[in-house]
Amino acid sequence: IGLPYRLGAVPEKHGAADCLTLAKAVLQWHGISSPEPTRAWYRRLRLKDYSIFQEQLELWGNKTDAAKVGTVGLIHCLDGSYGLASFYEGGWLQFRDRRVTWIPSSALTPVALYCQ
């Protein structure tokens, strides 16, 4: 909570994260492995090609209708972009105002949910 946003950042190295590294950290906390993001992901995101999220999330797990431990949600952000949120303790960890924030599950409606 409170970690600043930086695209492509590694928390241990940069003291910041992005939604991909946040999702991986939450999954790892629960003992769930996930694919490593590649530089190609970040190139596409810098070009505002948000289709990378759905393509890659299908590799992370199966589409589901219910949020539970290990669920990653595809989020449509207010600025028109897309990002990831991770289900954690009955709510979502997501970047809001460029900081990691916990949001109650009732306050966020993901576009799609994926879970291993």
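Is Glu 89 buried or exposed? In this predicted model, Glu 89 counts as exposed because its relative accessibility is 64%, over the 50% cut-off. The residue sits in the loop between strand 3 (82–88) and strand 4. Its side chain makes a polar contact with the side chain of Tyr 88, at 3.3 Å. Trp 41 is 48 residues from Glu 89 in sequence. In space, the two C-alpha atoms are 28 Å apart.

Gln 94 lies in strand 4. At 5% relative accessibility, Gln 94 counts as buried. Its side chain makes a polar contact with that of Arg 96, at 3.5 Å. Beyond four places in sequence, Gln 94 touches Leu 22, Ile 75, Leu 84, Ala 85, Arg 99, Val 100, Thr 101, Ile 103 and Leu 108.

Nonpolar side chains tend to be buried together in soluble globular proteins. Here the largest nonpolar core holds 22 residues. Leu 20, Phe 53, Leu 57, Trp 60, Val 72 and Leu 84 touch the most other members. Two or more residues come from each of helix 2 (19–29), helix 3 (39–46), helix 4 (51–60), strand 2 (72–76), strand 4 (91–96) and strand 6 (112–115). Helix 2 gives the largest share, six residues.

Leu 20 touches Pro 37, Trp 41, Tyr 42, Leu 45, Phe 53, Trp 60 and Leu 84, leaving aside residues up to four places away in sequence. A second core is separate and has seven residues. Among them are Ile 75, Ala 85, Ile 103 and Leu 108. Gln 94 touches these four residues.

Methods
Residues numbered from 1 in each chain as written. Predicted model: local features only at pLDDT ≥ 70, side-chain atom pairs only at ≥ 80, totals over all residues. Heavy atoms only, no water. Core = buried A, V, L, I, M, F, W, Y, C linked by side-chain atoms within 4.5 Å. Buried < 20%, exposed > 50% of the residue type's maximum accessible area, 1.4 Å probe, protein only. Helix = DSSP H or I, 4+ residues; strand = E, 2+ residues; numbered from the N terminus. Contact = heavy atoms within 4.5 Å. Polar contact = N/O pair within 3.5 Å; in protein donor to acceptor, adjacent residues only side chain to side chain.
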